[in-house]
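Keep the viewer open and follow along.

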Amino acid sequence: MANIEALPLLPQVAQYQALAAEKARLDGVSLRDLFAADQGRATKFSASGAGIFLDYSKNLVDERTMSLLFELARARRLPEARDAMFEGAKINLTEGRSVLHTALRLPKNKKLEVDGQDVVRDVHEVLERMRIFADKVRKGEHLGHTGKRIKNIVNIGIGGSDLGPLMAYEALKSYSTREFTVRFISNVDGTDFAENTRDLDIAETLFIVCSKTFTTLETLANARLARELVVSWFESEDAVGKHFVAVSTNRDAVVKFGIQPENMFGFWDWVGGRYSFESAIGLSLMLAIGPDHFDELLSGLHDMDEHFRTAPLEENLPVILALLGLYYNNFHGAASHAVLPYDQYLKRFPAYLQQLDMESNGKRVTRGGQAVNYETGPIIWGEPGTNGQHAFYQLIHQGTKLVPADFIGFARSHNPLSDGDTTMHDLLMANYFAQTEALAFGKTEEEVKAEGTRADLVPHRVFPGNRPTNSLLMERLTPHALGALVALYEHKVFVQGVLWDVNSFDQWGVELGKVLAGRIVPELSAKSVDLKHDGSTNLLIQRYRKLRGLSDES
């Protein structure tokens, strides 16, 4: 799978064509019918791995459907593609790179060579340096310019250098050292910087600049603001070295910025940004939760890696989720997929998955460059329960669009508060269970009438059901559980990329807008400018300049 193979377009595959007929066969079958016909359905359509239990019985499939989906995976040579990724083959074809985020969580006693280099040894050398630095900061041994202890940590990055560590920090906040204030700055909008630094004592603040090349426009713009803030605060350039560290591979640029080489932490071109928070990009997270908990996170990631690598396809959680997602995306016309975590700590998880999934599989050509004639990546969205129930669940229950959804829940809470005799967590999880039941089975017209509902209101209170859901259930949101959950979705995205035959590991779609923005920047503040864009863009720039009090006269 490392080379471009003459794979047929997906609709030409026999199993894909059979699935189209399968969907038509099941069109008149409800989930009520499927459960009534098979009393063991829930057990049959469930699986577990790395501490995650998956119930996928509330999906619009039967054994024939699933059998065809697994056959499709084999026809698209999924096992071979999986092995190629784990072995370090250069499956990122457009950039000529290996895809080895899985190496970031391999145990120290493992060995994996890529181009003659043992990447596991390299990974653990950086991890050890991160641990030493994190311990120094946490113990008060790394001090600021005036000798004050570091109490504030500000991560400056964008994309995976922001979404990953931010999501993980929020998810594992119950494991964090609460004496630290941890902030994340990503947006080039100055408000993001201003609001995240205005209440900080800069003498107690450490900035972490995350940019592999140390050239990322948004990150470097915010880093320069931070540098100016530090220099003006202390009236000394020397302060930069005490209040900045870098996650980068560009030593010259880092040193020129004023950061000491020993405070630069590197990573590798085989780590994609959206897969990087378990690398040095996660330094802010390690500072917050400590090296031991960070190791537990890596252990959870690795355990799901092993499950994905070794479990039969029929019992493989990432494979099952990926196949079901493809089935709804390509045969049911489901344009989006909702991720609904019933844990407030996971409030940023849907946003994290948006980048992971949509940047990976939002592609319109195959790995060989041929335009596809089928749907690829869906729109990913979601909010924590129960908040979403009072916002968008109405559309999922009774709207005209089919929205498959993943429900994520935990048996134990880190905050077991009670409202009288009822624990808040039981109240939360009662909704978790009830929503998937309601979405699957709905409420018929006869059931609504039997409740004594007024005739004119009956149509409004009917729930059609047949809304597909996956239920993911774990014991508690620990670092290990988060790692397993993240790796589950990483591998789901990979599987779908293989099935659609797209390169999940490049992101050329983010480049064009950046290039055009670079051209426009000087036009927005120049005293005179000759605009040569399209009519709409010219008009908008002219209006912007007018609102800013600038003249377009030559």
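Q: Which residue in β12 stands opposite alanine 338?
A: In this predicted model, the residue facing alanine 338 is alanine 405 of β12. Strand β10, residues 336–341, pairs with β12 in the parallel sense, over four bridges.

Q: What makes β10 and β12 count as paired strands?
A: Pairing calls for at least two bridges between two strands. β10 and β12 have four bridges, so they count as paired.

Q: What is the order of strands in the sheet that holds β10 and β12?
A: The order is β1-β2-β15-β12-β10-β11, an open sheet of six strands with mixed pairing.

Q: Why are β1 and β11 called edge strands?
A: β1 (46–49) and β11 (379–381) each have a single partner strand, so one side of each is left without a neighbour in the sheet. From one strand to the next, the twist averages 15°.

Q: Which helix packs on this sheet, and which strands are touched?
A: That is helix α20, residues 479–500, which touches β2 (52–55), β10, β12 and β15 (469–474). The direction of α20 makes about 150° with that of β15.

Q: What is the strand order in the open sheet of five strands?
A: The order is β6-β5-β7-β8-β9, with parallel pairing. Here the edge strands are β6 (181–185) and β9, since each pairs on one side only.

Q: Which helices lie against this sheet?
A: Helix α8 (residues 190–197) touches β6 and β7, and its direction makes about 170° with that of β6. Helix α9 (residues 217–234) lies across β5, β6, β7 and β8, running at about 155° to β7.

Q: Why is β7 described as largely enclosed?
A: Six of the six residues of β7 (residues 205–210) are buried, so the strand is largely enclosed by the rest of the structure. In a regular strand the side chains alternate between the two faces of the sheet. Both faces of β7 are covered: Thr205, Phe207 and Val209 are buried on one side, and Leu206, Ile208 and Cys210 on the other.

Q: How do you know that β7 pairs with β5 and with β8?
A: Count the bridges against the cut-off of at least two. Strand β5 (residues 152–156) is joined to β7 by five bridges, and strand β8 (residues 244–247) by four; both pairs run parallel. On the β8 side, phenylalanine 207 has phenylalanine 244 as its bridge partner.

Q: What makes the contact of arginine 64 and glutamate 22 a salt bridge?
A: The N to O distance is 3.3 Å, and the cut-off is within 4 Å, so the pair qualifies. Arginine 64 is in helix α4 (residues 63–75) and glutamate 22 in helix α1 (residues 14–26), 42 residues apart.

Q: Are arginine 64 and glutamate 22 buried or exposed?
A: Arginine 64 has 51% relative accessibility and counts as exposed, because the cut-off for exposed is over 50%. Glutamate 22, at 1%, counts as buried, because buried means under 20%.

Q: How do you know that glutamate 170 and lysine 347 form a salt bridge?
A: Their side chains meet at 3.9 Å, N to O, which is within the 4 Å limit. Glutamate 170 belongs to helix α7 (residues 160–171) and lysine 347 to the loop between β10 and α15 (349–361), 177 residues apart. Glutamate 170 counts as buried at 13%, while lysine 347 is partly exposed at 37%.

Q: What makes the salt bridge of arginine 274 a tie between separate parts of the chain?
A: Its partner is glutamate 359, with the closest N and O atoms 2.9 Å apart. Arginine 274 lies in the loop between β9 (264–265) and α12 (283–289) and glutamate 359 in helix α15, so the pair ties together parts that are 85 residues apart in sequence.

Conventions: Residues numbered from 1 in each chain as written. Predicted model: local features only at pLDDT ≥ 70, side-chain atom pairs only at ≥ 80, totals over all residues. Heavy atoms only, no water. Helix = DSSP H or I, 4+ residues; strand = E, 2+ residues; numbered from the N terminus. Axes fitted to C-alpha atoms, helices over the stretch in contact; angles between N-to-C directions. Contact = heavy atoms within 4.5 Å. Buried < 20%, exposed > 50% of the residue type's maximum accessible area, 1.4 Å probe, protein only.
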